[in-house]
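Open the model in your viewer and keep the selection tool at hand. The tour goes stop by stop, with a short note on what to find at each one.

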Amino acid sequence: REREREERGILGEYVRKEERMSRFWGGDESSEEESEESLDEEEMHLNTRFARTYDSEEEEEEKRVVVSHEEKQKELLTDVVGDLRDYADEGDWVKLLETYEKLNKQLEKWRKASKTEERTAPVVYYKGLELLETKIAEQEKAGKGKGKGKMDGKQFKAFSTLRQRFKKLLKIQQADLDRYKKGELVEEVDDDDDDDDDDD
């Protein structure tokens, strides 16, 4: 019986060792699987982030529109007309005079870029001229013809200079300005746009 107990003890110890070994190797296998799953998830995350970055860069490329030198000069001319409107609202004749000079210089840059005739100008230019014509007329009325009104010396001097230069310009641009006011002056349409209309 004592020998039998020893044999049972040896057998029990062997079984316990087997169970421990089984748990040990089973734990490693589980750990390896978890590690592999973690790597797979990380790889998927990196791939997704790369895909988002690639798509974002692709969208940015699509948004980058090639603007010709002529179009760029026209955009700058439009900005100057916007400045004219702001200074007209403020009644700042010093700034209006400066911006009027800038307007005509920018027109010359546009003409060089577009290689058009000397008297040609985009519609937005006449929009600026109409704004100035209206503002000058309002100031003349407020100052009973002379235009001084409540302006200080510096503002009145700028107003007088601008009025003289503007009247001189109108000798060249009056006809086209009148056409603009009547809605007869429109931008030319590109040939591609004409083709699209014909297809419809």
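Select glutamate 140 and arginine 163. Both residues are buried, where buried means under 20% relative accessible area, exposed over 50%, and partly exposed in between (1.4 Å probe, protein chains only). Their side chains meet in a salt bridge, 3.3 Å from N to O. A salt bridge here is a side-chain nitrogen of Lys or Arg within 4 Å of a carboxyl oxygen of Asp or Glu. The pair links distant parts of the chain: glutamate 140 lies in helix α4 and arginine 163 in helix α5, 23 residues apart. Helices (H or I, at least four residues) and strands (E, at least two) are DSSP runs, numbered from the N terminus.

A word on the source. This is a predicted model, in which local features need pLDDT of at least 70, side-chain atom pairs count only at pLDDT 80 or more, and totals for chains, interfaces and linings use all residues. Residues are numbered from 1 along each chain as its sequence is written, and side-chain values use heavy atoms, with hydrogens and water left out.

Next, select lysine 181 and glutamate 133. Here is another salt bridge, at 2.4 Å from N to O. Lysine 181 sits in helix α5 and glutamate 133 in helix α4, 48 residues apart in the chain. Lysine 181 counts as partly exposed because its relative accessibility is 40%.

Now pick glutamate 101 and arginine 165. Their side chains form a salt bridge of 2.4 Å, N to O. Why does glutamate 101 count as partly exposed? Its relative accessibility is 27%. Arginine 165 is partly exposed too, with a relative accessible area of 40%. By this rule the count comes to six salt bridges.

Move to tyrosine 126, in helix α4 (residues 123-142). Tyrosine 126 counts as buried because its relative accessibility is 1%. Which side chain does the side chain of tyrosine 126 touch in a polar contact? Select aspartate 176: the contact is 3.3 Å. A polar contact is a pair of N or O atoms within 3.5 Å; within protein, one must be able to donate a hydrogen and the other to accept it, and residues adjacent in sequence count only if both atoms are side-chain atoms. Tyrosine 126 and glutamine 174 are 48 residues apart in sequence, yet 9.7 Å apart in space, C-alpha to C-alpha.

Last, color by pLDDT, the predictor's confidence in each residue, from 0 to 100. The chain's mean is 76, and 56% of its residues reach 70 or more. Over residues 189-200 the pLDDT is below 50. Beyond near neighbours in sequence, that stretch has one contact (heavy atoms within 4.5 Å) in the model.
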